[in-house]
Amino acid sequence: MSADETRTTQPDCDVVVVGAGFAGIYALWRARQRGLRARGFERASDVGGTWFWNAYPGARCDVESYNYAYFFDPEIVREWDWSDACAAQDEIQRYLRFVAERCDVVKDITFDTKVLSARYDETAGLWSIRTSGGETVVCRYAILAIGALSDPKAPDIEGVNEFAGEAYYTSSWPKDGSAVLHGKRVGVIGTGSSGVQAIPEIAKIASEVFVFQRTANYVTPTRAGPMDPKLVAALRKDPQATRRAFRDTYGGHIPLDMGSERFSELDDSGRERALLKAWAGNYIALAFRDAYLPEANAAISEFIRQRMGEQVTDLWTAEHLVPWDHPYGGKRPCQSDVYLQAFNQPHVHLIALTETPIERIVPGGITTTAETIPLDVIVYATGFDAISGPVFAIDILGMKGQSMKDTWADGPVNYLGTMVQGFPNLFLPSSAMSPSVLSNMATLAEQQIDFIFDTIEWLDQHGRPRLHPRPESQRHWREETLRYAERRPGALTTKSWYSGANIPGKPRVFMVYCGGFQRYNETCYAELERGFPGYEVMGSP
Ligand code: FAD
Ligand code: NAP
């Protein structure tokens with residue numbers, strides 16, 4: 001598309017929302033509430049986002065459902081009952097469908113349609129959004145609610161296309177039941193959160209399971225199970241107050257009972273007591289008030305390693321399932337009550353790639369440096385090209401034809417986790433340098449979409465059509481993100497997707513804001529209250 005082709009003076013609608021997960025559904029509802037004309041585009045055939053795509057066996061949330069949900073509408077809060085404290089994928093997708101229907105936004109969404117490009121016309125101050133359906137929609141505001149974990153990582157293993165059996169990705173698991181694993185020899189590559197959830201379920205039906213593990217992860221108990229009815233009643237009593245309370249916490253969820261004692265002030269037996277109590281309550285990360293200290297984190301890491309090892313009967317397997325190369329929290333920790341025990345079954349085999357790396361995939365299976373393992377099925381639980389992947393999948397050109405790919409060539413830059421300098425009125429919720437996966441992302445989706453629409457309202461009220469961040473604001477925000485990451489044990493030393501280390505050649509930039517939800521929310525709204533000093537506000541009043 002040339003610049004001339006995108007030049008236009010009249011918008012087709014006010015807002016285009018790309019993506020129909022937690023953020024996109026709420027964005028369409030907020031647009032409607034403000035009387036804005038909105039169009040939504042979603043490459044999936046239904047709403048749900050993450051919960052549409054990741055339909056692998058065992059998929060469920062690990063932030064409890066009674067807070068991993070919307071709170072903007074008291075009726076929705078009171079009407080929806082979760083069957084489990086940590087609901088499974090299909091239930092979360094049904095919930096998102098229920099919300100989308102209740103908010104009547106489904107009719108605004110064009111499904112099975114990918115957004116291919118977004119072009120900014122500087123003269124008109126409008127965005128042209130081009131889709132795989134051949135449509136170009138011109139709008140004032142573009143909200144790319146495309147998710148942080150929505151672009152599966154292509155497997156970087158030789159011979160992937162040579163495999164003669166069936167291959168499935170946890171990140172796009174078939175929903176039509178066509179993935180048949182019964183009685184099959186299944187190889188699973190990857191032991192992050194997805195692999196850890198899927199492996200015990202696959203082990204229930206497969207004849208043999210071979211788990212190809214490159215890096216062992218911390219695995220702690222889940223909080224799944226029956227919900228505390230008193231807690232649910234308390235959350236439902238005043239959903240607006242609940243919502244405010246969530247935003248005033250570090251993680252954007254129900255205020256947690258943080259350990260009242262400091263690691264630095266306890267003796268060994270006091271530390272052990274605090275660790276055991278936190279483990280029993282399933283909040284091991286909060287064992288101490290000063291759990292962020294490297295020494296406290298080292299004690300927590302060692303405690304988890306011991307608990308993990310105790311659950312595995314074979315010594316070699318136990319030693320290899322326990323993570324030694326990074327501290328707890330360096331990678332996204334996993335939760336499961338059944339993962340480690342799955343390896344106690346005779347048909348579940350751990351292949352430690354640290355000792356015998358994969359050489360290539362061959363038609364009949366996987367060849368490591370030690371052997372060729374014959375397989376009928378390979379399951380790739382190999383993760384995502386997180387945060388920048390889905391952004392780069394759209395060809396985005398902003399002011400002066402500046403491309404997003406060039407702007408983020410050295411890693412993502414933005415201000416307050418939502419807007420990029422040179423791309424006025426383009427919003428990126430759930431993206432880089434927001435609390436993102438270190439928070440409850442349902443709370444984040446509501447907070448960011450609220451902030452985006454409160455920003456739009458401010459622009460309208462002040463007769464100023466657009467804004468984008470100042471370069472110095474972006475620099476400051478990147479430094480701020482790095483400053484908090486430096487305080488988080490293992491954040492900058494561990495190879496994780498948080499810093500792009502899972503994708504060969506991706507710039508290493510820590511992409512998650514660890515300053516906490518409360519500080520993040522307050523910083524956003526301080527900008528609004530002060531008239532957006534960190535932004536260039538454009539157009540005459
Ligand atoms: P998504 O849900 O990712 O939705 C983005 C949508 O945009 C997708 O449907 C995608 O198809 C669409 N899209 C992307 N690009 C385009 C394009 N170019 N054109 C059209 N459509 C496009 N977070 C938690 O807080 N707690 C949890 O317990 C938790 N569990 C998770 C479990 C799994 C398996 C995964 C993968 C993630 C989990 N997360 C969890 C993170 C999760 O991604 C967020 O909680 C949340 O669902 C993100 O919502 P979203 O709307 O921002 O993005
Ligand atoms: P992930 O955490 O990135 O894990 C990918 C796994 O695949 C890692 O074990 C990785 O090993 C391995 N891998 C990748 N390429 C490989 C290769 N070429 N050879 C061998 N192994 C390879 O991805 P994920 O498990 O899909 O999880 C991504 C994120 O989604 C999580 O961090 C979390 O935020 C979210 N999630 C949450 C839940 C939940 O319970 N709420 C469930 C699933 C996902 P290395 O570690 O060595 O790179």
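Trainee: Before we start, how are things numbered here, and what kind of model is it?

Mentor: Residues are numbered from 1 along each chain as its sequence is written, while chains are lettered from A and ligands numbered from 1 in the order in which they are written. This is a predicted model, where local features need pLDDT of at least 70, side-chain atom pairs count only at pLDDT 80 or more, and totals for chains, interfaces and linings use all residues; side-chain values use heavy atoms, with hydrogens and water left out.

Trainee: How many residues surround ligand 1, and which are the closest?

Mentor: A residue is near a molecule if one of its heavy atoms lies within 4 Å of it. Around ligand 1 there are 31 residues, and the closest are Glu 42, Thr 50, Tyr 68, Ser 430 and Met 441. By class, the shell has 16 nonpolar, 11 polar and four charged residues. Here Ala, Val, Leu, Ile, Met, Phe, Trp, Tyr, Cys and Pro count as nonpolar, Asp, Glu, Lys and Arg as charged, and the others, Gly among them, as polar.

Trainee: Which polar atom of Glu 42 lies 2.6 Å from ligand 1, a side-chain or a backbone one?

Mentor: First the term: a polar contact is a pair of N or O atoms within 3.5 Å; within protein, one must be able to donate a hydrogen and the other to accept it, and residues adjacent in sequence count only if both atoms are side-chain atoms. For Glu 42 a polar side-chain atom lies 2.6 Å from an oxygen atom of ligand 1. Asp 62 uses a polar backbone atom, 2.8 Å from a ligand 1 oxygen, and a polar backbone atom of Met 441 is also 2.8 Å from an oxygen atom of ligand 1. Taken alone, ligand 1 exposes 970 Å², and the protein buries 96% of that. Accessible areas come from the Shrake-Rupley method with a 1.4 Å probe; for residues, only the protein chains shown count as cover.

Trainee: Which element gives the largest share of the shell around ligand 1?

Mentor: Helices (H or I, at least four residues) and strands (E, at least two) are DSSP runs, numbered from the N terminus. The largest share of that shell, three residues, comes from H3.

Trainee: And what is around ligand 2?

Mentor: Ligand 2 has 25 residues around it, with Asp 156, Ser 194, Thr 215, Lys 331 and Trp 497 coming nearest. By class, its shell holds nine nonpolar, nine polar and seven charged residues. Helix H6 (residues 193–205) supplies the largest share, three residues. Lys 153 places a polar side-chain atom 2.8 Å from a nitrogen atom of ligand 2, and Trp 497 places one 2.8 Å from an oxygen atom of ligand 2. The protein covers 89% of the 900 Å² of accessible area that ligand 2 has on its own.

Trainee: Which residues of helix H8 are buried?

Mentor: Buried means under 20% relative accessible area, exposed over 50%, and partly exposed in between (1.4 Å probe, protein chains only). In H8 (residues 239–247), Pro 239, Thr 242, Arg 243, Phe 246 and Arg 247 are buried. Seen down the axis of H8, these buried residues fall within an arc of 135°, so they line one face of the helix. The arc is that of the directions from the helix axis to the C-beta atoms. As a general idea, an α-helix has 3.6 residues a turn, so residues three or four places apart point the same way.

Trainee: What do the buried residues of H8 pack against?

Mentor: Contact means heavy atoms within 4.5 Å. The partners are H2, helix H4 (74–79), helix H7 (229–237), helix H15 (441–461) and helix H17 (517–529).

Trainee: How should I read phi at Lys 400 and Phe 532?

Mentor: Most residues other than glycine have a negative phi. Lys 400 has a positive phi near 55°, and Phe 532 has a positive one near 60°.

Trainee: Is each buried or exposed, and where does it sit?

Mentor: Lys 400 is in the loop between strand E17 (395–397) and helix H14 (404–407) and counts as exposed at 72% relative accessibility. Phe 532 is in the loop between H17 and strand E20 (535–538), yet is buried, with a relative accessible area of 2%.

Trainee: Where does Gln 474 lie?

Mentor: Gln 474 lies in helix H16 (residues 471–487) and is buried, at 9% relative accessible area. A polar atom of its side chain lies 2.5 Å from the backbone nitrogen of Gln 421.
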